[in-house]
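Welcome! Please take a moment with the sequence and the model below, and then we can walk through them together.

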Amino acid sequence: MEICGSPSPFDCLLLDLDDTLYSPTIGIGRACKRNIEEFLAGKRGVSKERACSLRVEHFRNHGSSLAGLIALGHDVHPDEYHSFVHGRLPYELIQPDAELRELLRSITQPKILFTNSDRQHAKRALQRLGIEEECFHRIICFETMNPHLFGDEREASKTPEVVLKPSAKAMETAVRLAGFPPHRTLFVDDSERNIAAGKAIGLRTALVNDNPCGLLSLSNMTSACVPRPLVLLCEGWKA
Ligand SMILES: [Mg+2]
């Protein structure tokens, strides 16, 4: 593969899923926040308003509400949380994206999905986008980063650490599983916190946003801001 006539500087792509492969404006994120707040309200016995501020606090201090609840000693299994928060999402809002599908298929380097979401959510979102799971070399998701939260090991610690982007441990896990040098790996995500963590571990990064004027040359970049849809990011990547 070449970029504008030059060999690609990347051997591997690490791609975020939510709000990266589809737009944040379609309503999935909003529905997800609502579900999290309902879960928190039920679990903690707090008002709607308090659940909203708790969600923000947990995200800021622990990376997610699930991580916050576990850190505070609440007995919550990840499957219970994910089936409530993701299992009830209006997936019909995610529309098939043939352009993205073709783009991903045209990129010959290994593509790895790297998401904080659970595997079932990743599968359903990809299915709705019309992108085959096989398009990805592998999927690194909640279960991949947190095997210690499932099975017998869970009993070993009552307050286990939940590993999620943007923690260094999550980034190290992704780089190790990807199997390519960080400086030859392009990490694409819509979160500034995640992108900063990617840079810290030596990944080359692209922050996705909705600015249609944000496109810039990828040939020599170590960091960039690129617009959604992802197809614009990679127009120059086709061999
Ligand atoms: Mg995202």
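## Ground rules

This is a predicted model, in which local features need pLDDT of at least 70 and side-chain atom pairs count only at pLDDT 80 or more, while totals for chains, interfaces and linings use all residues. Residues are numbered from 1 along each chain as its sequence is written.

## The protein as a whole

The protein holds ten helices and eight strands; helices (H or I, at least four residues) and strands (E, at least two) are DSSP runs, numbered from the N terminus. Of its 239 residues, 36% count as buried. Here a residue is buried if 20 or more other C-beta atoms lie within 10 Å of its own, exposed if 12 or fewer, and partly exposed in between, with C-beta atoms placed from the backbone.

Among contacts with a separation of 6 or more, 63% are between residues 24 or more positions apart. Two residues are in contact if their C-beta atoms, placed from the backbone, lie within 7 Å.

## The strands around E3

Two strands pair if DSSP finds at least two bridges between them. Strand E3 (12-15) pairs with E4 (residues 111-114) in the parallel sense over three bridges, and Leu-14 stands opposite Ile-112 in E4. E3 also runs parallel to E6 (residues 185-189), joined to that strand by four bridges. In E6, Val-188 is the bridge partner of Leu-15. E4 in turn is joined to E5 (residues 138-140) by three bridges, again in parallel, and there Ile-112 stands opposite Arg-138.

In a regular strand the side chains alternate between the two faces of the sheet. Both faces of E3 are covered, with Cys-12 and Leu-14 buried on one side and Leu-13 and Leu-15 buried on the other.

## A closer look at Leu-13

Leu-13 is found in strand E3. Why does Leu-13 count as buried? Because 24 other C-beta atoms lie within 10 Å of Leu-13. Leaving aside neighbours within four places in sequence, Leu-13 is in contact with Ile-107, Gln-109, Lys-111, Ile-112, Leu-186 and Val-188. Leu-13 and Ile-112 are 99 residues apart in sequence, yet their C-alpha atoms are 6.1 Å apart in space.

Two packed helices are described by the angle between their axes and the distance between the axes. Axes here are lines fitted to C-alpha atoms, for helices over the stretch in contact, and angles run from 0 to 180 degrees between N-to-C directions. The axes of H1 (residues 28-44) and H4 (residues 78-85) come within 8 Å and cross at roughly 130°. That makes H1 oblique to H4; angles under 35 degrees count as roughly parallel, over 145 as roughly antiparallel, 65 to 115 as roughly perpendicular and the rest as oblique. Cys-32, Asn-35, Ile-36 and Phe-39 of H1 meet Tyr-81, Phe-84 and Val-85 of H4. The residues of this contact divide into six nonpolar, one polar and no charged, where Ala, Val, Leu, Ile, Met, Phe, Trp, Tyr, Cys and Pro count as nonpolar, Asp, Glu, Lys and Arg as charged, and the others, Gly among them, as polar.

H1 and H2 (residues 48-62) also have axes that come within 8 Å, crossing at roughly 110°. That makes H1 roughly perpendicular to H2. The contact is made by Lys-33, Ile-36, Glu-37, Leu-40, Ala-41 and Arg-44 of H1 with Lys-48, Ala-51, Cys-52, Leu-54 and Arg-55 of H2. These residues divide into six nonpolar, no polar and five charged.

## Ala-174 in H8

Ala-174 lies in helix H8 (residues 168-178) and is buried, with 23 other C-beta atoms within 10 Å. Beyond neighbours within four places in sequence, Ala-174 is in contact with Leu-14, Phe-114 and Ile-140.

## Two backbone spots to check

Most residues other than glycine have a negative phi, and most peptide bonds are trans. Asp-19 has a positive phi of about 65° although it is not a glycine. Asp-19 sits in the loop between E3 and H1 and counts as partly exposed, with 19 C-beta neighbours inside 10 Å.

The other spot is a cis peptide bond joining Lys-165 and Pro-166, with omega about 10°. Pro-166 lies in the loop between H7 (142-145) and H8.
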